[in-house]
Amino acid sequence: MRRYVFVHRGPGGVEEIQVDLDGSRCVVVRGGREEGGEMRRLSDGRVSVLLDGGRQICGRVRPLRDGEVEVAFGAWRGRVALADPLHDRLAHDAFSAGGGDAEEEIRALMPGRVLEVAVEPGQAVEAGALLLVLEAMKMQNEIRAPRAGRVARVEARPGIAVDGGALLATLGPV
Amino acid sequence: MRLLVANRGEIAVRIFRACRDLGIETVAVFSDADRDAPHVAMADYAVRIGPAPAVESYLSIPAILDAARRTGTKLVHPGYGFLAENAAFARACGDAGLVFVGPKPESIEAMGSKTGSRRLMEKAGVPVVPGMLRPAADAAELKAFAKAAGYPILLKASAGGGGKGMRRVDSDADLEAAFARVSSEARSAFGDGAVYAEKLIERPRHVEVQVLGESGGRVTALGERECSIQRRHQKVVEECPSPAVGDALRGRLFDAAVAAARAVDYVSCGTVEFLVAPDGAFYFLEMNTRLQVEHPVTEEVWGVDLAAAMIQIALGGSAPFDATAAAPRGHAIECRIYAEDARRGFAPAPGRIDVLRLPAGPGVRHDMGVEAGSIVPIDYDPMLGKLVVHGADRGQARARLSRALSEYEIVGVETTLPLFRALSEDPGFASAEFDVQWLERRLADGLLAVDAESDDSVLLAALGLAGSNGATPAAGPTGSTRSLWGDVAKRESLRG
C-alpha cells in the first residue's frame, strides 16, 4: 500500500487530500470524509474509477509542472491546483502574497502602443489584475499581474509607443 | 480518371472521399510540411510541390500544373482558400487541358472584385449595402461618402474577402488613419491596396444561400445557412437552416441569390452571402465562387453531396440529383475546430496532437484533416477540421452538440473546443438571438469563464496524480507531453 498526501488549493481554501493505493484499490480522505473505490487506467490513458456505492467517473488526468493537474472530465476541462507538498511549496511560495522580496519586471511582448494604464505606483493588486492595455498587431493585449503584489513603478503612459521587451512596470511584493 | 486537389487538410480529405465514391482516382499535392498528412496518405498519387511556405507550394500555379501533368490528372479541384477564387488559376487549368472543378474564370473574376460585383448586383436588381461603387482615390472621397450615407461606415479592401481587410470608422477624425491602415493591410494580404466604403449595418445577421449552377443556365438555391457567430469577422459556428429566416424572407433570399448567380453565368457550387438587418431588410455582401467551409450543414439537411455534385457538374454539366426536387430535413450545426487557445485570446497553438478522441453516435459527423499524432504546422490556417451535428430540429441538434462536445478530446494542442462547450450551454445560443457581433460581446462578457472545479474532478485529479506515482513531469520537453508552444503561451499569457 502506498500513501500519498497532496496539497489542494481550491476555491474553498487550502486543504490536504490523502490517497491510499493498494493495487487497483484506492481510498481517498478529504475534509474528514473517506471514499473508497477501484481505479483502472484505460488503454487510451484515461482513468476510470468505480466508487464504492456504484458511481463511475472517468476522465483524463495530466500532471503539470507548476503544482497543477490538468483534468478533462465530461464537459469540464480545467486545472486543479494539486501537488505533493514539495511541489506545492515550489509552485506557490515564490508567488504567494507576502512571500518573496524580488521585484518582477513587466515587459512588452512585442512592439506596440500603450492604450491604457490601469494602475499607479503604490497600488496593491491581486493576481490577474489588469495593469495595462497594449495595442500590437491589430490586437489589444491586456497585461495582467502574474501574482498578487504592489505596483512599484510604472514606466508607461497612454499613447506612447514601446519596443518589444520594453519595461512597462515593476511589481513588488505585497 | 484522376482528380487533383490543389489544397490540403480537411478539404482535401473531403474531396478525396467524394472521388472515392465516384470511382475517380485521387492525386494529392503536398509541401514539405505535409508529407505525413492524412490527405497524402489516403491518395492514389501524390506529388511534392515545394517547401512549407504556401506561396512556394499550395499557391504555386506552375508547381500544381506540373504535378497535374506528371500524374495524368484530368480534373483539378481547388478546395477553398489558396487558389480557389483565383481566376488566373482557373484559366491556366483550362489552358492546360484540365477540367477545373468550379465556375468559369469569368464568373470568378466578376465576383472577385467587391466593387465590380456590387455594380453587377445593382444591375441585376439584387439589393446591396449602400456603398461606393468604385475604390476611393483618397480620403476625401471616403469622407464625402460618409457624409451622404452617415456614420458608422466600414472600410473594405476591394480585392478582399472572407472577412479580411475591413475596419469600422465612426467619424471623420478616425478616417484618414483607418484608410491608410486598411490600404496597407490590403496590399500585403491581397496584393491590391484599393479600398472602398460601405454603410455599416448595425447588428446584422450573416445569412448565406447555397446555389448550384448547371449547364444550360439552371441555377437552384439549396437552402440558406446562418453564420452570424463570428470572431473578428471569421465564422466560428454555422447552422442550417437559419433560425431567423421565415418562409417569406427565405423566398426573397433564394430569388436574390439565384439572380446573383445568373448575373455571372454561374456553374457549379457557390454561395451568395447576405446581411440581414434587424428590420428584415437584406443586402448582398459578396458571392463566394467556390465550395464553402460550412458546406456540410447544407449536405446534412438537404441530403446531398456537394463535393460530388461539383465533380459531376464539371464532367457532365448537371448535378447527379434533381436540385429542384431536393427538400430539407431537420437542423444541422457545425463548429470549426481551430488549433487556437480559446482561453488565451485565441493565440495560435501549433504542436503535436497526442490524443484525438472523436465522438460518434446518431447525428454526429467529422470532417477532419488531422489524426492522432499529427503535427499542426505553423505555416497554414490552423483549422483542424469540423464537428457537424444533425437533429430532427434545432433543439435535438443542440443536445447532440453538447453530447458530442462532452466526448470530444484533443490533447497536445489547445483548440477552440472550450468556446463551443461554453456556447452550447449559453442561453443566447439556445434562443438564437444573435447578430455578427454577438459572440464578441459574449466573449467580452465572460463567456469563457471556467466553471469551478467539482468534487469529482478533484477526486479524479488526486487519484490520477497518485496513480502516476505522484510524479510531476521533469523540466524540459522530454518528460512532458505538453507542447513547447503551450509553455510559451502560458508564460506570455501572464504578460498579456
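Start your tour at B:D265, in the loop of chain B between α9 and β12 (268-276); helices here are DSSP runs of H or I with at least four residues, strands are runs of E with at least two, and both are numbered from the N terminus. B:D265 has a positive phi of about 50°, although this residue is not a glycine.

Before moving on, know what you are looking at: this is a predicted model, in which local features need pLDDT of at least 70 and side-chain atom pairs count only at pLDDT 80 or more, while totals for chains, interfaces and linings use all residues. Residues are numbered from 1 along each chain as its sequence is written, chains are lettered from A and ligands numbered from 1 in the order in which they are written, and side-chain values use heavy atoms, leaving out hydrogens and water.

**Stop 1: another positive phi**

Now select B:F82, in the loop between β4 (75-77) and α4 of chain B. Its phi is near 40°, a positive value in a residue other than glycine. (Buried means under 20% relative accessible area, exposed means over 50%, and partly exposed is in between, using a 1.4 Å probe and protein chains only.)

**Stop 2: two cis peptide bonds**

Go to B:P152, in the loop between α7 (139-149) and β6 (153-161) of chain B. The peptide bond from B:Y151 to B:P152 is cis, and its omega is near 0°.

Next, pick B:P241, which sits in the loop between β11 (234-240) and α9 (247-263) of chain B. Here a cis peptide bond links B:C240 to B:P241, with omega about -5°.

**Stop 3**

Time for helix pairs. Two packed helices are described by the angle between their axes and the distance between the axes. The axes are lines fitted to C-alpha atoms, for helices over the stretch in contact, and the angles run from 0 to 180 degrees between N-to-C directions.

Show residues 61-70 of chain B, helix α3, and residues 87-95, helix α4: they pack at an angle of about 30° with their axes 11 Å apart. α3(B) and α4(B) are therefore roughly parallel to each other. (Angles under 35 degrees count as roughly parallel, over 145 as roughly antiparallel, 65 to 115 as roughly perpendicular and the rest as oblique.)

Which residues of α3(B) and α4(B) meet? On the α3(B) side they are B:I61, B:I64 and B:L65, and on the α4(B) side B:A88, B:F89, B:A92 and B:C93; contact means heavy atoms within 4.5 Å. By class, this contact of α3(B) with α4(B) has seven nonpolar, no polar and no charged residues. (Ala, Val, Leu, Ile, Met, Phe, Trp, Tyr, Cys and Pro count as nonpolar, Asp, Glu, Lys and Arg as charged, and the others, Gly among them, as polar.)

**Stop 3: α4 and α5 of chain B**

Select B:A87, B:A90 and B:R91 of α4(B) with B:P105, B:E106, B:I108 and B:E109 of α5(B) to see the contact. Its residues divide into four nonpolar, no polar and three charged.

**Stop 4: α1 and α11 of chain B**

Now show helix α1 (residues 9-22) and helix α11 (residues 306-316) of chain B, which pack at about 65° with axes 8 Å apart. B:R14, B:A18, B:C19 and B:L22 of α1(B) meet B:L306, B:A307, B:A308, B:I311 and B:Q312 of α11(B). The contact of α1(B) with α11(B) includes seven nonpolar residues, one polar and one charged.

**Stop 6**

Select B:A177 in helix α8 (residues 172-190) of chain B. B:A177 counts as partly exposed, at 42% relative accessibility. Draw a distance to B:A466, which is 289 residues away along the chain: the C-alpha atoms are separated by 58 Å.

**Stop 5: zoom out**

Finish with chain A, which has one helix and 16 strands. Its C-alpha trace spans about 60 × 35 × 20 Å along the principal axes. Of the 174 residues in chain A, 40% are buried.
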